Amino acid sequence: MPDYKNCTITRFPEPVLSKPAQPIEKIDDAIRQLAERMKEIMVETQGVGLAGPQAGVNLQIFVASPDGTKENAKVYINPKIEPDGPMKSVEEGCLSLPGIWGKITRYTRCTVHALDLDGKPFTETAEGILARIFQHEYDHLQGMMIKDRMSIPAKLRARKKLKQLQDDYDEKNPSSQ
Ligand code: NI
């Protein structure tokens, strides 16, 4: 059984963040432990959502909590989303891109079909912040982050910060260069 209890937050340019995540074949105690650890990381880092790759795990799972509390954090396994409604541009950040913010255009409504921790399928429709979280976290499972969706000027503004994150990573991982 893989041990997920010591997972930590991953940051750009950790390779797991830019790869599509794999579907979860079996929901067992390891996956339940992973979900628990992901909720903890989300709360520790003061986020409102966290996707598997952000815990260093290349699996299709995310947690979301519109108020950032562990009690209200819900788990979504192998999610599929159907965004809907008008689009809106709102400033977003990402736990894996510290210091980077940008306006991201997303749908204002979103339906998610997923499995819960007992492997039961469920459907949930959300608006506002939760609809945005679903789309943001689903992006992570496709290997996509806000830096890939920002406007050209926002990308230019983020350039220095991205370079700094890259340098920090290279320093900690000398063999990856
Ligand atoms: Ni994110």
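Me: What makes C94, H136 and H140 the residues that coordinate the nickel ion?
Reply: The model is a predicted one, in which local features need pLDDT of at least 70, side-chain atom pairs count only at pLDDT 80 or more, and totals for chains, interfaces and linings use all residues. Residues are numbered from 1 along each chain as its sequence is written, and side-chain values use heavy atoms, with hydrogens and water left out. Donors are N, O and S atoms within 2.8 Å of the metal (3.2 Å for Na, K and Ca). The SG atom of C94 and the NE2 atoms of H136 and H140 lie at 2.1 to 2.2 Å from the nickel ion, and therefore count as donors under the 2.8 Å limit. Water is not among the atoms, so sites may look incomplete.

Me: How are the donor residues of the nickel ion spaced in sequence?
Reply: Their spacing is C-x41-H-x3-H. C94, in the loop between β3 and β4, and H140, in helix α2, are 46 residues apart, a pair that links distant parts of the chain. Helices and strands here are DSSP runs numbered from the N terminus (H or I with at least four residues for helices, E with at least two for strands).

Me: Are C94 and H140 buried or exposed, and how do you know?
Reply: Buried means under 20% relative accessible area, exposed means over 50%, and partly exposed lies in between (1.4 Å probe, protein chains only). C94 has a relative accessible area of 10%, so C94 is buried. H140, at 1%, is buried as well.

Me: Why is the contact between R149 and D139 called a salt bridge?
Reply: The term requires a side-chain nitrogen of Lys or Arg within 4 Å of a carboxyl oxygen of Asp or Glu. The closest N and O atoms of R149 and D139 are 2.6 Å apart, so the pair meets the 4 Å limit. R149 is partly exposed at 39% relative accessibility, whereas D139 is buried at 6%.

Me: How many salt bridges does the rule give, and which residues form a network?
Reply: The count comes to 13 salt bridges. One of them joins the side chains of K147 and D148, with 2.9 Å from N to O. K147 is buried at 18%, and D148 is partly exposed at 32%. Through shared partners, salt bridges join E92, R106, R132, D139 and R149 into one network.

Me: Why are strands β2 and β3 said to pair?
Reply: Two strands pair if DSSP finds at least two bridges between them. Strand β2 (residues 61–64) and strand β3 (residues 74–92) are joined by four bridges and run antiparallel, so they pair. I61 stands opposite I77 in β3. Strand β4 (residues 102–115) is antiparallel to β3, with 12 bridges between them; K80 has H113 in β4 as its bridge partner.

Me: What makes a region a pocket, and which residues are closest to the centre of the largest pocket?
Reply: On a 1 Å grid over the protein atoms alone, a pocket is an open set of points with protein on both sides within 12 Å along at least five of seven lines, where a 1.4 Å probe fits; lining residues have an atom within 4 Å of a point. The largest pocket holds about 430 Å³ of space. Of its 22 lining residues, V48, G93, C94, L95 and W101 are the closest to the centre. Helix α2 gives the largest share of the lining, six residues.

Methods
Grid points are joined across faces, edges and corners, and a volume is the space filled by probe spheres set on the points.
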